[in-house]
Amino acid sequence: MDYDRIFSDAIANIKDEGRYRVFMDIERKNGDFPKATWHSEKGEKDITVWCSNDYLGMGQHPDVIKAMKDAIDKVGTGSGGTRNISGTHHYHVMLENELADLHGKEAGLLFTSGYISNETSISTIARMLPGCIIYSDELNHSSMINGVLHGKCEKRIFKHNCVEHLEELIKADDPAAPKIILFESVYSMDGDFAPIEEFCDLADKYNCMTYMDEVHAVGMYGPRGGGVAEERGLMDRVDIIEGTLGKAYGLMGGYITATRDIVDSVRSFAPGFIFTTSLSPAITAGALASVRHLKKSTAERERHQERAATLKQMMRDANLPVMPSLSHIVPLLVGDPIICKQASDMLLEEYGIYVQPINFPTVPRGTERLRFAPNPLHDDAMMDHLVQSLKKVWQKLDIDKYSSAA
């Protein structure tokens, strides 16, 4: 068997489809976000980053940087082990308590990423409930899908944000079976919100648990940054709230918050938690500073919402096909994977604008797009340069014929 040929053919296929991912070698400029330096074969180039998940620029915040430096000076770098074997530092304990308080829950649990927190928690909880049935939104993140698969339980997929379809599926199943409704608060590719209250109503009616992913909402919504559930006054109705430290909080890591018994069960039975080296104390200290800051400060959230709304309107005024989005996500429809990559490359090379193409399988075929993430530090001049550059790229590549057909 020609093993190498199998792998080379697989790569050739995704290149032919126009969805081969190229990693951009960038170097962010401390104190000058969203500016960065792009390193390529042609040399170095100054660029503006428009696709960072550091939504509020907290990765550059002086309080966060100071907290990380102070932690390194105090305790060193790595954690030194798993949480069970010397890897539980006081920073971990403080951050878990802070996150539990943020969401109004009894306890919190840290993971090395939002992906791991979803996959590990969902699969562990599902395996602990005999005969469990999971009802999962069709657009849920890959981490949630894999959590369901590894939970080895019955699953039902309901139409995106469709309360009626979800109820039909629940009603068709055994009333006595344990059930979990799985959904996100903000869907990052389309920028729409889940009907959280209606899902919770169904959970009450049919005795289901609710598990909600708030990764694109924590730090961003609610008076203290508790997410969409806090903004809508619904945190107490959601059993398990999962979030990330890698987006609005500007660091890395993931977490869940729930009752003390649920959190303790995941802590005690989840291999993805038990056998993983814990987050560096420096990262944890930085996240702790970021969470505490955004609990008190609303300036970043308010500015961010204004920037997102302004950019959407500027794109609409320029007749660019900005997709409907009620959240901070700004998706611009292209409709073809090869053209989407060409547009991204042209923006970077000719105009110093960095935005990644979003292609299948992240989004359905035919809905390929450029996904913009404006942050509080993108000023009017940057936005004007972006929109004018997009208009030129749209004309050069005749993108309207693809986006209008999508």
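Biologist: Which residues of helix 7 are buried?

Modeller: This is a predicted model. Helix 7 spans residues 196-206, and its buried residues are Ile 196, Phe 199, Cys 200, Leu 202, Ala 203 and Tyr 206.

Biologist: What covers the buried residues of helix 7?

Modeller: The cover includes strand 6 (154-158), strand 7 (179-184) and strand 10 (209-213). Helix 6 (163-171) and helix 8 (228-231) are also included. Just after helix 7, check the backbone: Asn 207 has a positive phi of about 55°.

Biologist: How do strand 1 and strand 2 run, parallel or antiparallel?

Modeller: In a regular strand the side chains alternate between the two faces of the sheet. Here, strand 1 (residues 25-28) and strand 2 (residues 35-40) run antiparallel, joined by 4 bridges. Asp 25 has His 39 as its bridge partner in strand 2. The two strands form a hairpin, with 6 residues between them. In the turn, Gly 31 has a positive phi of about 85°.

Biologist: Is Tyr 3 buried or exposed?

Modeller: Exposed means over 50% relative accessible area. Tyr 3 is at 55% relative accessibility, so Tyr 3 counts as exposed. Tyr 3 lies in helix 1 (residues 3-16). With Met 1, Ile 6 and Phe 7, Tyr 3 makes a nonpolar surface patch of about 550 Å².

Technical notes. Residues are numbered from 1 along each chain as its sequence is written. This is a predicted model: local features need pLDDT of at least 70, side-chain atom pairs count only at pLDDT 80 or more; totals for chains, interfaces and linings use all residues. Side-chain values use heavy atoms; hydrogens and water are left out. Two strands pair if DSSP finds at least two bridges between them. Buried means under 20% relative accessible area, exposed over 50%, partly exposed in between (1.4 Å probe, protein chains only). Contact means heavy atoms within 4.5 Å. Patches are made of residues with over 30% relative accessible area and no salt bridge: like charges are joined within 9 Å, nonpolar side chains (Val, Leu, Ile, Met, Phe, Trp, Tyr) within 5 Å. Accessible areas come from the Shrake-Rupley method with a 1.4 Å probe; for residues, only the protein chains shown count as cover. A salt bridge is a side-chain nitrogen of Lys or Arg within 4 Å of a carboxyl oxygen of Asp or Glu.
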